[in-house]
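Take a look at the sequence and the model first.

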Amino acid sequence: MALRNLACMSGVLLSHFALAQAQEYPVKLVRMVVATSPGGGTDIAALLISPKLSEYFGRQVVIENRGGASTTIGGDYVARSAPDGYTLLMGVSSLAILPFVMAKVPYKPDDFAAITQVATSPNIIISHPSVPVKTTKELIAFAKTRPGQLNIAAGGAGSSQHLAIALFVTMSGAKITHVPYKGTGMAMIDVVAGHVHLMMANIIQALPIIRNGRLNAIGVTGLTRATVAPNIPTIAEGGVPGYEVVQWYGLLAPAHTPRDIINKVRAGTVRALQETAVKERFNADGAETVGNTPDEFAAIIAADLKKWAKVVKDAGIKPQQLGSF
């Protein structure tokens, strides 16, 4: 009986200790890990949020870029960190893709605790002017009458753009050949030059070239039109009902991080996302701010895992050893 009482007392003390930690958090510097090199969309999301979190916490939040191996180096670092809220991950939607396209991922998605989805950004299908189509419906009809004759570029085998193509082909029945590139820059150069017919591109990367008339916009991959380009219809509107692929950025922590700490990080992030300047900057980059709850974000990740497992299986995509994308 004495041992049982001692165990109960220990449990109560540990519970009080965890609560006290959460109430005091943070008492030191917080690191926000970005699993890509500086300058990309994930890095920009972190740069917009981290100063606001620093103000909210009264403690500095610093960005630590740990890029490489298709974001798995940085992800693994956070997954193995102490679940105390002092090491966070500005994650990206590839978290729910890599388990199905990469030969070996050093962590599992459930090694992370969801905090909040920060923003979402759609891709866009673009075409060279020599391709005689202007809409999604015309593209599907044209591709079906010429199976395999059209090709479409994406930056990185196993990237979100690659799987967006696979889903489009599966849902539309259009027979289009995927051409993988090591990066989006070279892919864009080749589609502008007419060496490739189409490209699944980041909307911000594509818009300047669309606006100067060198490429045509076919459709965006979100369920709703992009704020930055409201005149461009969605692929769902254009003839593929229910089609949706968006890249998301979101904050995660190591699994088992106390919920009170998760909630505090989420509260500071939501406050940052509500600031006009932050929201406008995300919109200017083609992204929509979110700020949902941890449970809502976790549900999105779970849905993505289920979705991409099916897409990869249906498309016959084989896991491989990927580089950085």
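How do the residues of the lining of the largest pocket divide into nonpolar, polar and charged? They divide into 11 nonpolar, 21 polar and two charged residues. The model is predicted.

**The largest pocket**

- About 810 Å³ of space lies in the largest pocket.
- Its lining is made up of 34 residues.
- Nearest the centre of this pocket are Gly40, Gly41, Thr42, Gln247 and Tyr249.
- Five elements are named here for giving two or more residues to the lining: α2 (41-57), β4 (112-127), α6, α8 (203-211) and β9 (246-254).
- Helix α2 supplies the largest share of the lining, four residues.

**The second largest pocket**

- The volume of the second largest pocket is about 210 Å³.
- There are 15 residues lining the second largest pocket, and Glu244, Val246, Trp248, Ile300 and Asp304 are the closest to its centre.
- Two or more lining residues come from each of β4, β9 and α11 (294-315).
- The most come from α11, which gives five residues.
- By class, the lining of the second largest pocket holds eight nonpolar, four polar and three charged residues.

**The cavity**

- The count of cavities of 30 Å³ or more comes to one.
- The largest cavity has a volume of about 100 Å³.
- It is lined by 13 residues, and those nearest its centre are Ala35, Thr71, Leu89, Gly91 and Val92.
- Strand β3 makes the largest contribution to the lining of the largest cavity, four residues.
- Seven of the cavity's lining residues are nonpolar, six are polar and none is charged.

**The nonpolar cores**

- The largest nonpolar core has 47 residues.
- Within this core, Leu139, Phe168, Ile176 and Tyr243 touch the most other members.
- Another core lies apart from the largest one, with 30 residues, among them Ile49, Val92, Leu251 and Val265.
- Beyond four places in sequence, Phe168 is in contact with residues including Ile125, Thr136, Leu139, Ile140 and Gly173.
- Further contacts of Phe168 include Ala174, Ile176, Ile235, Val240 and Tyr243.

**Helix α8**

- Ile203, Ala206, Leu207, Ile209 and Ile210 are buried in α8.
- The elements covering the buried residues of α8 include β4, α7 (184-193), β7 (198-202) and β8 (216-220).
- Asn202 caps the N-terminal end of α8, with a side-chain oxygen 2.9 Å from the backbone nitrogen of Ile204.
- Gly213 follows α8 and has a positive phi, near 85 degrees.

**Thr72**

- Thr72 sits in helix α3.
- Is Thr72 buried or exposed? Thr72 counts as buried because its relative accessibility is 4%, and the cut-off for buried is under 20%.
- The side chain of Thr72 reaches the backbone oxygen of Ala69 at 2.7 Å.
- Leaving out residues up to four places away in sequence, Thr72 touches Leu98, Met102, Val105, Pro106 and Tyr107.

**Ser81**

- Ser81 lies in the loop between α3 (72-79) and β3 (87-92).
- Ser81 has a relative accessible area of 13%, so it is buried.
- A polar atom of the side chain of Ser81 lies 2.7 Å from the backbone oxygen of Tyr77.
- Apart from neighbours within four places in sequence, Ser81 is in contact with Thr87 and Pro254.

**Thr170**

- Thr170 is part of helix α6.
- Thr170 and Ala315 are 145 residues apart in sequence.
- In space, Thr170 and Ala315 are 7.3 Å apart, C-alpha to C-alpha.

Definitions and conventions: Residues numbered from 1 in each chain as written. Predicted model: local features only at pLDDT ≥ 70, side-chain atom pairs only at ≥ 80, totals over all residues. Heavy atoms only, no water. Buried < 20%, exposed > 50% of the residue type's maximum accessible area, 1.4 Å probe, protein only. Polar contact = N/O pair within 3.5 Å; in protein donor to acceptor, adjacent residues only side chain to side chain. Contact = heavy atoms within 4.5 Å. Core = buried A, V, L, I, M, F, W, Y, C linked by side-chain atoms within 4.5 Å. 1 Å grid on protein atoms, 1.4 Å probe; cavity = no way out; pocket = protein on both sides within 12 Å on 5 of 7 lines; lining within 4 Å. Points joined across faces, edges and corners; volume = space filled by probe spheres on them. Nonpolar A, V, L, I, M, F, W, Y, C, P; charged D, E, K, R; others polar.
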